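Please look over the structure below before reading on.

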Amino acid sequence: MRITQALRLAVGAIALTVVASGCGGGSDKTATENAADGKLTIGIKYDQPGLGLREKDGSFSGFDVDVATYVAEKLGVSPENITFKEAPSAQRETLIQNGQVDFIAATYSITDKRKEKVDFAGPYFITGQSLLVRSDNTDITGAESLSGNKKLCSVKGSTPAQNVKDTYAKDVQLQEYDTYSLCVEALKAGAVDAVTTDDIILRGYAAQNPGALKVVGDTFTVEKYGIGVKKGDTESRQKINDAIEDMITSGAWQAALEKNFGSTGIQIPEPPQLDRY
């Protein structure tokens with residue numbers, strides 16, 4: 001009888017452990033409150049060269065990483081106390097809402113639909129949608145030239161490919177992957193004809209694959225990158241805006257862009273005006 005009771009207690013304890021570990025470990029604290037405790041968890045991309053990239057040694061590099069680190073320091077958190085967490089496009093709102101990250105800096109375009117679920121500081125960068133093709137491709141020169149049943153790749157949870165289909169090339173075949181790096185591999189393998197997303201993201205991939213890939217055409221949308229925070233967290237949003245403005249006025253913003261994209265031929269734009277709604 002005692003053995004049976006002990007066994008039941010052990011099984012119950014294991015079940016509770018499993019349930020607890022499956023809760024996601026989210027925090028109810030705001031970004032400002034966690035920063036006051038000396039630590040932050042920040043969502044970034046892991047596979048976007050020049051923006052958010054996890055290096056082979058486990059370190060992180062890119063303009064988004066530099067912006068996030070600068071903001072964190074202005075909130076009182078040193079780089080060694082930042083935990084970077086991967087934030088795939090389709091999961092960004094969920095990560096913020098569940099408290100799994102304090103904020104997200106991951107090529108996160110500010111849209112009215114997204115603002116229904118999260119708040120944004122910024123924008124800290126403005127870009128536009130473009131196209132990436134193989135270097136030997138001569139027939140794709142812009143969005144309109146994707147007509148003729150060409151295969152166009154983008155990622156789940158993002159809208160660029162559908163935008164091309166709706167506005168420029170109604171018969172284009174859309175292919176969706178979980179990440180842009182998978183789209184790029186499909187492009188190099190000949191499985192798709194082009195990849196579409198923001199120009200600055202594509203230039204990072206082109207620079208990573210010199211002689212194999214190129215960016216073509218002019219940008220054909222306006223994308224404003226913001227830092228996503230929990231809906232209603234006005235204090236954190238305002239403090240992050242202050243940090244972005246400080247990064248711009250100090251010269252650190254331009255220096256970060258030149259460091260990450262100076263070799264790609266990109267023209268460094270004027271800093272954006274922040275939207276303090």
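What follows is a walk through the fold, the domain interface and a few residues.

This is a predicted model, in which local features need pLDDT of at least 70 and side-chain atom pairs count only at pLDDT 80 or more, while totals for chains, interfaces and linings use all residues. Residues are numbered from 1 along each chain as its sequence is written, and side-chain values use heavy atoms, with hydrogens and water left out.

The C-alpha trace spans about 80 × 50 × 35 Å along its principal axes. The protein contains ten helices and 13 strands; helices (H or I, at least four residues) and strands (E, at least two) are DSSP runs, numbered from the N terminus. Of its 277 residues, 47% count as buried. Here buried means under 20% relative accessible area, exposed means over 50%, and partly exposed lies in between (1.4 Å probe, protein chains only). Among contacts with a separation of 6 or more, 70% come from residues 24 or more positions apart, where contact means heavy atoms within 4.5 Å.

The domain assignment gives domain 1 as 31–127 + 223–262 and domain 2 as 129–216; such bounds come from an automatic or database domain assignment. The C-alpha centres of domain 1 and domain 2 are 26 Å apart. To the contact, domain 1 contributes 17 residues and domain 2 contributes 15 residues.

How much area is buried between domain 1 and domain 2? The figure is about 1,200 Å², with 57% of it from carbon and sulfur atoms. Buried area is the accessible area (1.4 Å probe) that two parts lose on being put together, summed over both. Three residue pairs, both at pLDDT 80 or more, are in polar contact between domain 1 and domain 2. A polar contact is a pair of N or O atoms within 3.5 Å; within protein, one must be able to donate a hydrogen and the other to accept it, and residues adjacent in sequence count only if both atoms are side-chain atoms. On the side of domain 1 that touches domain 2, at least two residues each come from β2 (47–48), β7 (118–127), β13 (223–230) and α10 (252–261).

Strand β7 holds two residues to look at. Asp-119 is found in β7 and is buried, with a relative accessible area of 6%. A polar atom of the Asp-119 side chain lies 2.8 Å from the backbone nitrogen of Gly-232. Pro-123 also lies in strand β7, and the peptide bond from Gly-122 to Pro-123 is cis, with omega near 10°.

Val-164 sits in helix α6 (residues 160–167) and is buried at 0% relative accessibility. Beyond its neighbours within four places in sequence, Val-164 is in contact with residues including Leu-146, Leu-152, Thr-196 and Phe-220.

Most residues other than glycine have a negative phi, and most peptide bonds are trans. Thr-107 has a positive phi, near 40°, and lies in the loop between β6 (103–104) and α5 (112–115); Thr-107 is buried, at 5% relative accessibility. Asn-149 has a positive phi of about 60°, lies in the loop between β8 (129–134) and β9 (151–155), and is partly exposed at 47% relative accessibility.
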